[in-house]
Structures are given as C-alpha cells and as structure tokens.
Amino acid sequence: MKIWLRRFLYLFILIIWLIAITFPFFAVFLASQGEIQLGSNSQRHVRVFLVQERSAQGVGIEWTRPLRESPTCMQTQINYMMWEGVGENVTYCQCTDSTGATLPVDTTICPLP
C-alpha cells in the first residue's frame, strides 16, 4: 500500500509541475493574441481575454453554456481578475427562437443572478 501512495504522490507532483511550467507559454500566447477561446462551438466555450483600458487592466474569463431548464437559452458568466482598476463580474442569459433570432429576457426562463 505504501508504494502505491508514493506513486500517486509522484504523479500528483508531476501534474502540478506540468501545470506550473505551461503558465509562461499560456501568458505569452495570450499577450500575443489578445484572447484564447477553448471550444469552437458558440453554444459552449470558455474564452480568456485581456482587458487593456486606460484605467483598467487585467484578464477576463467568459464561460458560455446552455441553460439546463431551456436548451434554447445560453447562460454566460464573465469574471474579471484585475491588477489595475475594478472589473464587475456579470452573469446573463440570452434565448433564441427556432429561427435563431434573439428573444427578450424572460425571468421565468432565465433566472436573475
């Protein structure tokens, strides 16, 4: 049992080390591109982007996914990690009809955060 615990600990340390070592590559790629989007689907994706304003600088993370209660509605959550200025985190919901046109916000389908 002791050898398996040691191997698990080595694997855990290796995974943490790999995550730490890839951070500089991620930061350089983000700085050169301005944004990174994981997931090409417009209905489900995570986007990391730079905020570069005169009074605010930082990184924003946008996470879009279908709403459980209604698959025609998309819930988007945007969080900011700012090193200068203040970013206001926001969550919103956008519904579409069968033709793809956007519908007005309905608080019965899209709950207010």
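A hairpin of six residues joins strand β3 to strand β4. Strands here are DSSP runs of E with at least two residues, numbered from the N terminus. Strand β3 covers residues 57–66 and runs antiparallel to β4, with 10 bridges between them. Two strands count as paired if DSSP finds at least two bridges between them. Within this pairing, V59 stands opposite M81 of β4. The model is predicted: local features need pLDDT of at least 70, side-chain atom pairs count only at pLDDT 80 or more, and totals for chains, interfaces and linings use all residues. Residues are numbered from 1 along each chain as its sequence is written, and side-chain values use heavy atoms, with hydrogens and water left out.

Strand β4 (residues 73–84) also pairs with strand β5 (residues 90–95). The sense is again antiparallel, over six bridges. Q75 has C93 of β5 as its bridge partner. C73 stands opposite C95 of β5. Five residues separate β4 from β5 in their hairpin. In that turn, G85 has a positive phi of about 85 degrees.

The facing cysteines are also bonded. C73 and C95 form a disulfide, with 1.9 Å between their sulfur atoms. The criterion is a pair of cysteine sulfur atoms within 2.5 Å. C73 belongs to strand β4 and C95 to strand β5, so the bond ties together parts 22 residues apart in sequence. The torsion about the S-S bond is about 100 degrees, so the disulfide is right-handed. Both C73 and C95 are buried. Buried means under 20% relative accessible area, exposed means over 50%, and partly exposed lies in between (1.4 Å probe, protein chains only).

A further hairpin involves strands β1 and β2. Strand β1 (residues 35–38) pairs with β2 in the antiparallel sense, over four bridges. Q37 stands opposite R47 of β2. Six residues lie between the two strands of this hairpin, where G39 takes a positive phi near 105 degrees.

Strand β2 spans residues 45–52 and includes H45. The relative accessible area of H45 is 10%, so H45 is buried. Contact is taken as heavy atoms within 4.5 Å. Apart from neighbours within four places in sequence, H45 is in contact with Q37, L38, G39, E62, W63 and T64. H45 and C93 are 48 residues apart in sequence, and their C-alpha atoms are 15 Å apart in space.

Aromatic side chains were examined next. A pair of aromatic rings is described by the distance of the centres and the angle of the planes. The structure holds one aromatic pair. The ring centres of F49 and Y80 are 6.2 Å apart and the planes lie at 85 degrees, so the pair is edge-to-face. F49 is in strand β2 and Y80 in strand β4, so this pair ties together parts 31 residues apart in sequence. Rings of Phe, Tyr and Trp (its six-membered ring) pair if their centres lie within 6.5 Å; planes under 30 degrees apart are stacked, over 60 edge-to-face, and the rest tilted. F49 has 12% relative accessibility and counts as buried. Y80, at 27%, is partly exposed.

Arginines lie over two tryptophan rings. R65 lies over the face of W63, at 3.9 Å from the ring centre. R7 lies over the face of W4, at 5.0 Å. The test requires NZ of Lys or CZ of Arg within 6 Å of the ring centre and within 35 degrees of the ring normal.
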